[in-house]
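The following briefing concerns a predicted model with several chains.

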Amino acid sequence: MPTAAEPLLQVRDLRTWFLTDSGPVRAVDGVSFDVHAGETLGVVGESGSGKSVCAKSIMRLLDEPARIVGGSILFKGRDLAHLDDEGIREVRGREIAMVFQDPMTSLNPVLRIARQLIEAMTAHGRFTAAAARSRAIDLLRRMGVASADRTVNSFPHQFSGGMRQRVMLAMGFSNEPSLLIADEPTTALDVTIQAQILDLLRGLNRDLGTAVILISHDLGVIANICSRVLVMYAGEVVEEGAPEELLTDPRHPYTWALLHAAPRIDAQAEDRRLITIEGQPPDPRAWPSGCRFRARCPFAVEKCAEHPELLPVAAGRAARCWVTQEGGSLHTPERARPVVAAPVDATPAAPILEVSGLQKHFPLPKEAFFERQRVLRAVDGVDLQVFAGETVGLVGESGCGKSTLARLVTRLHEPTDGKIVFAGTDITHASLSAIRPLRRRMQMIFQDPYASLNPRMTIGEILAGPLILHGIAGDAAAARTRVAELLDLVGLPGQSVTRYPYEFSGGQRQRISIARALAVGPDFVVADEPISALDVNIQAQIINLMVDLQERLGLTYLFIAHDLAVVRHVCDRIAVLYLGKIMEVGPAASLFARPLHPYTRTLISAAPVPDPRVERTRRHVPMKGEPPSALNPPSGCRFRTRCPIAEERCTREEPPLLEAAPGQRVACHFPGRLT
Amino acid sequence: MIRYVVSRLVVSVAMVLLATLVIFLIANTVPGDPVLTALGDMAASDPAQVAEFRARWGLDLPLWHQYWLFLERLAHGDLGVSISSRRPVLQDIIDYAPATLELATVAFILSVLVGLPLGVLAAVRRDTVIDHVARAVSLIGVSAPTFWLAFIALAVFYGQLNWAPGPGRLDAVSFPPDRITGLLLIDTALQGDWETFHDAAAHLVLPSIVLAAATLGLITRTTRAAMLEALSQDYVRVAKAKGLRGRLIVVGHALPNAMLPVVTLGGLAYANLLAGAVMTETVFSWPGLGRYTFRSAVTVDFPAIMAVTAIVAAIFVLVNFLVDMSYALLDPRVVKK
Amino acid sequence: MSDIALPAIASPRTRWLRRYGLASFGAVIILAWIFAAIFAPWLTRYDPNFVDVAARLQPPSASHWLGTDALGRDVATRVIYGARVSLTVGMVVVLVGALFGTLLGASAAYARGWAEEGLMRLTDLVFCFPPIILAMAIAAALGIGTVNTVIAMLVVWWPKFARLSRSLVISQRSMEYVEAAQSIGFGPAHILLRQIIPNAIGPLVVLVTLDLGNAILVFAGLSFLGLGTVPPTPEWGSMVGEGRELVQQWWVATFPGLAILTVVMAFNFMGDGFRDWLDPHANRR
């Protein structure tokens, strides 16, 4: 760790509070750290930990009512916390640049890319407009934007999310700043695009020597490129150290919890249950007086009633924990082995769900009268079987049609073509009333816990609705009893019935959503990205709940996700979707051990592992380009435009989905060639 | 782009045609009887006179035929003959329209010139004095009845203070200029008659301010809301992070986005000014289209009502078309290349 | 700890006033006018239509607080009675228009397809005509009178509610709670009426409130022109119309106009209050 040189940035006891009418919200409450020239500092923490507010404080981009109420931010001899408006303006974009989370909203929709890049340079008077223009084109080229001299004149809406983030990076580096702050720069992107952007960021840091602060909730992302990591919890830094050590031997229980809560793509777990910590982060209006993690900490001792300082625990490492400061270690507790579910029959009976040749085409609204009708081929010929008692995972990047497929099999959408047979009944075009009895057996869990519960209904009404509709509860008393049972089943207190959804956290709402799906006693549940909107520890809690419920109630899951590690962890079989078609389907273990389709292979290699040592040994298969539009999919094999091993034949012939290994079917002319 | 323009144009023409049909149907199915109104009670009780009257105005033909005739004449620029003034409606409209056009245009320019900057300032300096002033102005503008404001303005500035000239477009002693466009400001300027120009301008002050009040209120309010919305967007934070100066962020980044709803409102407001000047015209004895429409309505003068409503509908459609076009220019997302 | 003074925490009372003060003020004004309209006979000393030519055009005095008009009628009495017509017409036009427009727009949006397309074209068509002109034409054609004018106004009034409710339903339609209700097996009528509309009601309430003022303005305008309420019924717009030439006897037209201003402004206060209340961004203050 460099110690000799003066740090580029010194943050000392920074306090940024939201001065609301109901009292200060202490979002950042005493944060200190250094950033040295050229280094890459990762900042991790869950939502509400204060990591983003910290970054905005450095740039002084706080919105009302947030205010820096204490501490200092020393940068090249200036205290950014106390600079006047003109002073901080000269620093922004010139010496410290920032890239934000959502590239879709970060660019001004009505201005050309060129103008937005050029003004970033001319604002600081370092370039003339003409010089800035040619530099903008060079930068875009450096960021991997194809035919930059033409695309520089585009408007943002003509760019995909990944391309926009490249533009944002070009903007960030345009004035050769000494520090770049990237606030969750890849969170809104697909995993293959994320890998491209992280590669780019790593290269820029190496070539230009720009120091980077990378903020992320994803330990894998951090492990991938950072030389030092800060872990934030409840407005404080709780641990600091090099990723190699911090991620393999955490010295703060919160880091430990983060590491164990997330399933890993590089390991087959023995138990589907994950290690979770109880409860939620404390209220930032009134932090607890002692250690802020104490209430959730499995290692807490008496001394934790006092507030610990961030003190060295090893060479180059510091932690805010009494236990590890006194030499204690954080070991993984032994857990009782769960009762293993009855082994699945080797030759299963008829599938509970059978889908063949399924298609869903959405006609797009015409923009002009004489235009020919354009059709979005969201799902374009899918065959899939789901057997009773198993969990089938459906993975793919955004726009691959996985959510549409979920809505087709639950018949929220009507298919354009193909066939859906559920429990022996053809429901492809069944009417609302014909399908209603089947809904008792087939339910769905949704992605967004904030949108999936009707905000105007109490929890009791939400859960009783299905019971009454399907005549499950004969009278009000029976309904009440059943609602209480359901709440108990998903681990919520009984008094929740009279409350409204807004009174619950995201994780709790997802529990309510699960309870609603289970109200009618289904045996088949479609879960559409049920955990992707949640923080990692809450994700683990929900996964554990779903696994428990499956064992207790004998449920069959169709589990949709974009996170491969999660899918690997919870699923028996996995189907990989690309542009509305299945590329590969097979048992989870063999699919990850020996992916036969090049797309599966690249997806797996793009998912980061939260261990730098493992990361270094993994072979990364770079995937070129962006997914094509589902309006006009490529001829032949749909993946060929991004495939590293595509040949001329792939342009002509569409590969059928054929069995290439036991239980593993692949739609590729050259299965297993890419390793 | 061309495809977009043509497509919008086709829709617009279809809308105008449909609008004339609606007017025609309304005019012909409602119980008001033009015969009674035009001939008076005495003559209307004489069947021969009534029949002669009906035949003369084509009122005895089947409805679709009457509509077809209406369209045919419309295509030739013939809007029919007013039952009450017994002159071609087109001639009437040419006489009355410029007064309204002049008044509405001045009022519109006034409300944009004041409302837009006021709205922007109010949003940028939220919760300061200027914001409160802007909110008060827009509130009074949209809440005060135009006809009452007109009365108060006339009573105070003409009746009491005598700062402004009285009703009408010109003083009785002024000689109106030779008619070129019918717009007094332009005609007098073209003819170099600056004395009459000043008189016409002075007569425009009160009515245009009164007429502008509601529009000004709406534009201020909409601009403020749109600016607040735009200023809260991520791209504004990005612009700040680039180190751009505050004024460039407001004018260069937020305003172009905030203009989109304002343009929509502005177009509609201008069309409404043209059509809705009737109350201001009434109080200020302004010989405009609004008064003419009103008189036609009261006398159930079908050809006049139909012609005026068709023209007004056409103006609305035209303004909408122009709004769509400027939208396409302002927002690149509207037209995909 | 810091050199920046923390602002004092606002008391709940201050916070409430800051957020709902104007809206409550508006509500009080409206309630006062409703009270005046209902109890007009007990609040006034004169008959609103009692003609006393001897007492014509008297300036405000102790016996006639707001003066008398050209027929010697007491202006104050007529202003109070005038609230009856204005408030009733405003509420009828807006509530009927809103109910009709909302149901139509919401059902069309939920049904999609040609029903939605047709309805939108129909509203486009109505929007081709400026409300005043169309109302003028219809009122003239139907004959002049309060009821006919209300009918004319309704024709031009419903489309904006149809438009708004359509866009609200469209934005709610794709929400996951609607899909959840569908996947449970609820039918379209239940989903629209019990799930979607309760969630879309907020912006509709805002529009209804703001629009009450608007409807009162338009009706007063038509009455001012002589196309609304027929004399001698006291109505604010026609009272201004009767007094518009009387520049020297300013009180005849000024007070009824002020009455309109207060009511419309009060509805605006209330509407803005509702909007702030519904807007999550506004809560941070």
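In chain B, residues 200-219 are 100% helix and 0% strand, with end C-alpha atoms 27 Å apart; helices (H or I, at least four residues) and strands (E, at least two) are DSSP runs, numbered from the N terminus. Residues 103-124 of chain B are likewise 100% helix and 0% strand, and their end C-alpha atoms lie 32 Å apart. The model is predicted: local features need pLDDT of at least 70 and side-chain atom pairs count only at pLDDT 80 or more, whereas totals for chains, interfaces and linings use all residues. Residues are numbered from 1 along each chain as its sequence is written, and chains are lettered from A and ligands numbered from 1 in the order in which they are written.

**Annotated spans**
- An unreviewed UniProt entry assigns "transmembrane region" to residues 9-27, 103-124, 136-158, 200-219, 248-271 and 302-323 of chain B; UniProt positions follow the numbering used here, feature names are shortened, and annotations may be inferred rather than shown by experiment.
- For chain C, the unreviewed UniProt entry lists residues 20-40, 87-111, 131-158, 204-230 and 250-270 under "transmembrane region".
- Residues 20-40 of chain C are 95% helix and 0% strand, with end C-alpha atoms 29 Å apart.
- Residues 204-230 of chain C are 81% helix and 0% strand, with end C-alpha atoms 32 Å apart.

**Build of chain B**
- Chain B contains 14 helices and zero strands.
- The C-alpha atoms of chain B fill a box of roughly 85 × 55 × 40 Å along the principal axes.
- Of the 337 residues in chain B, 45% are buried (20 or more other C-beta atoms within 10 Å of the residue's own, with C-beta atoms placed from the backbone).
- Among contacts in chain B with a separation of 6 or more, 71% join residues 24 or more positions apart; two residues are in contact if their C-beta atoms, placed from the backbone, lie within 7 Å.

**Chain C with chain B**
- In this interface, 33 residues of chain C are in contact with 40 residues of chain B.
- On the chain C side, the elements giving two or more residues are α4 (113-127), α5 (131-142), α8 (188-225) and α10 (251-278).
- That side of chain C has 24 nonpolar, seven polar and two charged residues; Ala, Val, Leu, Ile, Met, Phe, Trp, Tyr, Cys and Pro count as nonpolar, Asp, Glu, Lys and Arg as charged, and the others, Gly among them, as polar.

**Chain A with chain C**
- Here 32 residues of chain A are in contact with 23 residues of chain C.
- β1 (9-20), β2 (23-35), β4 (66-75), β18 (442-445) and α15 (459-469) of chain A each give two or more residues to the side that touches chain C.
- The residues on that side of chain A comprise 13 nonpolar, 11 polar and eight charged.

Terms used: Buried ≥ 20, exposed ≤ 12 C-beta atoms within 10 Å, placed from the backbone.
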